[in-house]
Amino acid sequence: MCKHAETPLKPANMRFAIAFILLSASVTNAQSQDATTPLRITLGEAIEIALINNYALLASRLAEEDSRLQIRAAFGTAFPTIEGASSYTRNIKEANPFAGSSAGDFFSGFAFIDWLGFNETARTDGLDVTNPITFAEFADRQRRGLDAAGILPTEPSDNPFSVANQYLNSITITQKILDAPNWNRMLHPDGYRTALEQISKAAERQEQIVIGQVREAFYGALLATQEAHVAVQSVSRTQASRNETAQRVSNGILPKIERLSMDVELANQKSGLVQAQTRASNSLDQLKYLLGLDLGQELILIGSLEIHGMSPYLSISTTDALAHAILQRPDLEEARMSHRLALNEVRANKMSRLPTLNAFANFNYSGRVPDNRTFTVTSPTNPFSFSQGSNTYFSKAYWQSSVNVGLNLQWTLFDGLQRRRTVQRAEVAARQAGIGLEQLTAATKMEIEVALRNLDAAYHQIDSQEANVANAELNYEYTLARSNEGVANTLQVRAASSQLDTSRLNYLRAVHGFLVAQSNLEVALGIPIEKQTDIQLASANK
């Protein structure tokens, strides 16, 4: 009897990746040219296509990338934030900030100060101060001086401090100095770095599951195809027997009821053939779906349900298998990481009672630009002689910069017990993660035990069925020879034919069960993809 041989899958190196891309491109090209062009693939090629095109893997990789981006974004809180802002305000009408106070009298008194200053200057310069000029004369001489310079006096304003155009440009830099919960998540070994490793384990496990699904679908499609082939052979033999029976009936050797009985049996077998062919088509469609191929693509599987050599798993014990799975299965490692992450989250939430401290620096550049940028200049030697000047829009008189730095400390002293409830919920999540790890370990043990039992049962069934097929073939040939000699009747031939078909189907199903059991065992053990055994299927061309 042919047993099982292991052939390791190629490692996921650059050469393997290039093979993936080329194979996928050839499949896509074949589909674009003609969906009816047959695509011939082996089991290894089917797995390679699935690792590229499988819908579940594509969605899983996008979810993996999204999770990685979220975690990496969390690391950004350790870096400073730089914010820029720029604004322009046009003041149509601005309220006087000193309205209702005595400040207006204070500012209006500046003219009197100029008058007093003029008389005092005249006195100290040795001039005649017995007749100082009055304030009215002082104001009149100033008006005449402005008229002589061609300067119109400005109209009094409700708000002398109003400026028509205001600009504000600022850059703010903020740096976290103390943020205990987030620092714990980023720096603790069971923080964000463990979360990134957890994502990798989840992706690796998803690939193992998809490979198992593809192998099972491939084996199932082979079985359904072989069942349809057996059904074709059965119909062919029954058709030959029916023709022989009809000839004997015509010769008067057999009664007509023999021919009618053969007609009924032939019709039943043809109906079974249609059902077998339908199952084969459905199995191929299921495989195409897993491979991400168009359902209209014609698919030809290279291989048949035969195994060679001895399976390396037949001698493994449940204890050793479970110990291996605990160390190797990515989802078990992921569950352990989830438990550690949950415990770390409890610590992080407890640290939220500590204050947060931020450092900041503000750089501002502002402008207050009036519409009328002309100004009056008084002669330093003659207070009644004036001239007029003008500033540009970006004159330093209107624009100025400012810088300020500081620290911002925030400390929530009481939050209505929300922090306490958050910590309690994190503790519940940690216990749930621990229970999930225990449940997954128990489920793994059950998967391994079931797969080992199925593998052993299929192995012994193959032994018996292979010998049974040989006996059934010999029995059919012997019965058919006796029938040709006129010793055996048609009932005996039909019985021998039915036994042969049943024996062949039982053997194929036993091989299929062995292949599926081994595939399930490898998935249950968490065998790395590059080390998984690929049962060498006999070439269909042999």
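Which residues does Asn54 touch, not counting residues up to four places away in sequence?

1. The model is a predicted one. The secondary structure of the protein chain comprises 13 helices and eight strands. The chain has 542 residues, of which 37% count as buried. Where contacts join residues at least 6 apart in sequence, 85% of them link residues at least 24 apart.

2. Asn54 touches Ile49, Val210, Leu290 and Leu291, residues up to four places away in sequence being left out. Asn54 itself is placed in the loop between helix 2 and helix 3 (55-75). With a relative accessible area of 3%, Asn54 is buried, the cut-off for that term being under 20%. A further pairing concerns Tyr289: 235 residues separate Asn54 from Tyr289 in sequence, yet their C-alpha atoms are 7.8 Å apart in space.

3. Nine of its 11 residues are buried, so helix 2 is largely enclosed by the rest of the structure. The buried residues are Leu43, Gly44, Ala46, Ile47, Glu48, Ile49, Ala50, Leu51 and Asn53. The charged residue Glu48 is thus listed among the buried residues of helix 2.

4. Leu57 lies in helix 3. Its relative accessibility is 1%, and Leu57 counts as buried. Apart from neighbours within four places in sequence, Leu57 is in contact with Ala50, Leu51, Gln206, Glu207 and Val210. For Leu57 and Val210, the sequence separation is 153 residues and the C-alpha to C-alpha distance is 7.6 Å. Val210 is also one of the residues touched by Asn54.

5. The largest nonpolar core contains 53 residues, and those with the most contacts inside it are Val214, Leu291, Leu301 and Ile448. Helix 13 gives the largest share, 12 residues.

6. A second, separate core has nine residues, including Ile71, Tyr192, Leu196 and Leu341.

7. How do the axes of helix 8 (residues 192-250) and helix 11 (residues 330-350) cross, and at roughly what angle? They come within 8 Å and cross at roughly 155 degrees. The two helices are therefore roughly antiparallel to each other, and the crossing is left-handed. On the side of helix 8 the contact is made by Thr194, Ala195, Glu197, Gln198, Lys201, Ala202, Glu204, Arg205 and Gln208, and on the side of helix 11 by Pro330, Asp331, Glu333, Glu334, Met337, Ser338, Arg340 and Leu341. By class, the residues of this contact comprise five nonpolar, four polar and eight charged.

8. The axes of helix 10 and helix 12 come within 10 Å and cross at roughly 135 degrees. That angle makes helix 10 oblique to helix 12. Helix 10 passes helix 12 in a right-handed crossing. Thr318, Ala321, Leu322, Ala325 and Ile326 of helix 10 meet Thr441, Thr444, Lys445, Ile448, Glu449 and Leu452 of helix 12. The residues of this contact divide into six nonpolar, three polar and two charged. Ile448 is also among the residues with the most contacts inside the largest nonpolar core.

9. Is Asp501 buried or exposed? Asp501 is buried, at a relative accessible area of 9%. It is found in helix 13. Asp501 touches Val230, Ser234 and Arg237, again without counting residues up to four places away in sequence.

10. The last point concerns backbone geometry. Most residues other than glycine have a negative phi. Leu417 has a phi near 65 degrees, a positive value in a residue other than glycine. Leu417 is found in the loop between strand 8 (399-410) and helix 12, and at 38% relative accessibility it counts as partly exposed.

Terms used:
Residues numbered from 1 in each chain as written. Predicted model: local features only at pLDDT ≥ 70, side-chain atom pairs only at ≥ 80, totals over all residues. Heavy atoms only, no water. Axes fitted to C-alpha atoms, helices over the stretch in contact; angles between N-to-C directions. Helix = DSSP H or I, 4+ residues; strand = E, 2+ residues; numbered from the N terminus. Parallel < 35°, antiparallel > 145°, perpendicular 65-115°, else oblique. Left-handed = near helix turned anticlockwise from the far one by under 90°. Contact = heavy atoms within 4.5 Å. Core = buried A, V, L, I, M, F, W, Y, C linked by side-chain atoms within 4.5 Å. Buried < 20%, exposed > 50% of the residue type's maximum accessible area, 1.4 Å probe, protein only.
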